[in-house]
Amino acid sequence: MFDGPNPPFELPIVATADATEPTRHEKRRLPRWLKRPLPKPGMYYTSSVIDDLQLETVCESAKCPNRTECWSQQTATFMILGNVCTRPCGFCSVPKGKTETIELDEPERVAEAAERLGLRYVVITSVTRDDLTDGGADHFYNCVLAVRERTGAQVEVLTPDFLGDKAAISRVIKARPDVFNHNTETVPRLYHRVRRNAEYQRTLDLLAQVKDEAPEMPTKSGLMLGLGETLDEVLDVCADLRGVGCDMLTLGQYLAPSDSHLPVERYLPPEEFNEIGERVRALGFSMVASGPFVRSSYHAGEMASEHEQTTCR
Ligand code: SF4
């Protein structure tokens, strides 16, 4: 697959002018492979359950391009701890500013939504709450337990870095989520621009701590591509993730939520995502999802179950 005179991986992902690099005028126009399906009836049911229970979802807050597909299949990713974040990440459309009070009944409402939607696999994420002593870890714990108790569903957590607070991370581990997911988001060189107030090493340390305290708990991380990273940088990050025992990886196209967010440097075509996925798989991840629409929680249940099958073989 990678032989031939001009192997694609010799090129940096930040490409010079080519067919996939958006011109200034094309920046807001998406390439043909980034068109999404029209809503199906199930979407409105999902929407009504979420509205009824006054829950937040990252699907809406992050303007996820998969919302039509996921919500039509009655799947959503719940975002707890409010809809206001304490970090100024340049890629994210979640509002920043004055944070909201923790709603003590939120775990039960998330559990009820999971029950009403018939979910067998639930993904719970949150805004980053650097203003809270434990970063919201105890609330994560309560949400995982409430969902599991009410529905028996498997639960994946997609957490912030808790400023590296080991006690907070331990609290979430103690809830025994079925998958512990924490995103790397981008390569270390771009952290300052993309993920200000986060630290690359802190992310690796978090994932290492999960493996240290619960070796059997699958860990997962993800990166957005198209922000100006090079292929070598991506491969280095993936090797670092394997170095801390990370089991599963997601690679997806960064899409700018608006003109005031970081611009897309490059749209990678699906074939390139496939090729990068193959390269990364060889590093030993049990599961790699790589494609323009892949997001941390996209088909998360299927990914976890394939991980389980792979590791049981
Ligand atoms: S990929 Fe995740 S965040 Fe996006 S719509 Fe689907 S469940 Fe929501």
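Start at the ligand: around it sit Val58, Cys59, Cys64, Asn66, Arg67, Cys70, Thr75, Ala76, Thr77, Arg295, Ser297 and Tyr298, where a residue is near a molecule if its C-beta atom, placed from the backbone, lies within 6 Å of it. Helix H2 (58-61) and helix H3 (67-72) each put at least two residues into that shell. Sorted by class, the shell comes out as 6 nonpolar, 4 polar and 2 charged residues; here Ala, Val, Leu, Ile, Met, Phe, Trp, Tyr, Cys and Pro count as nonpolar, Asp, Glu, Lys and Arg as charged, and the others, Gly among them, as polar.

A word on what you're looking at. This is a predicted model, so local features need pLDDT of at least 70 and side-chain atom pairs count only at pLDDT 80 or more, while totals for chains, interfaces and linings use all residues. Residues are numbered from 1 along each chain as its sequence is written.

Now zoom out. The chain has 11 helices and 8 strands, taken as DSSP runs numbered from the N terminus (H or I, at least four residues, for helices; E, at least two, for strands). Of its 313 residues, 45% are buried, meaning that 20 or more other C-beta atoms lie within 10 Å of the residue's own C-beta, placed from the backbone (exposed is 12 or fewer, partly exposed is in between). Among contacts with a separation of 6 or more, 75% join residues 24 or more positions apart; a contact needs C-beta atoms, placed from the backbone, within 7 Å.

The 8 strands make an open, mixed sheet in the order E1-E2-E3-E4-E5-E6-E7-E8, with pairing defined as at least two DSSP bridges between two strands. Strand E1 (56-57) and strand E8 (287-290) are the edges, each with a single partner strand, so one side of each has no neighbour in the sheet.

Strand E3 (residues 121-126) has 6 of its 6 residues buried, so it is largely enclosed by the rest of the structure. In a regular strand, side chains alternate between the two faces of the sheet. In E3, Tyr121, Val123 and Thr125 point one way, with Val122, Ile124 and Ser126 pointing the other. Strand E2 (residues 77-80) runs parallel to E3 over 4 bridges: Met79 is bridged to Thr125, and Ile80 to Ser126.

On to the helices. H8 (residues 200-213) is 14 residues long and reaches 20 Å between its end C-alpha atoms, close to the 20 Å expected at 1.5 Å a residue (that is, 1.5 Å times one less than the number of residues). Thr203, Leu204, Leu206, Leu207 and Val210 are its buried residues. They cover an arc of only 155° around the axis, which puts them on the same side of H8; the arc is taken over directions from the helix axis to the C-beta atoms. Their cover includes helix H6 (166-174), strand E5 (179-181), strand E6 (219-225) and helix H9 (231-243).

H9 buries Val234, Val237, Cys238 and Leu241. Seen down the axis of H9, these fall within an arc of 100°, so they line one face of the helix. The face turned away from that buried side carries the exposed Ala239 and Gly243. Covering the buried residues of H9 are, among others, H8, E6, strand E7 (248-253) and helix H10 (270-281). After H9 comes Gly245, with a positive phi near 80°.

Note on methods. Contact = placed C-beta atoms within 7 Å.
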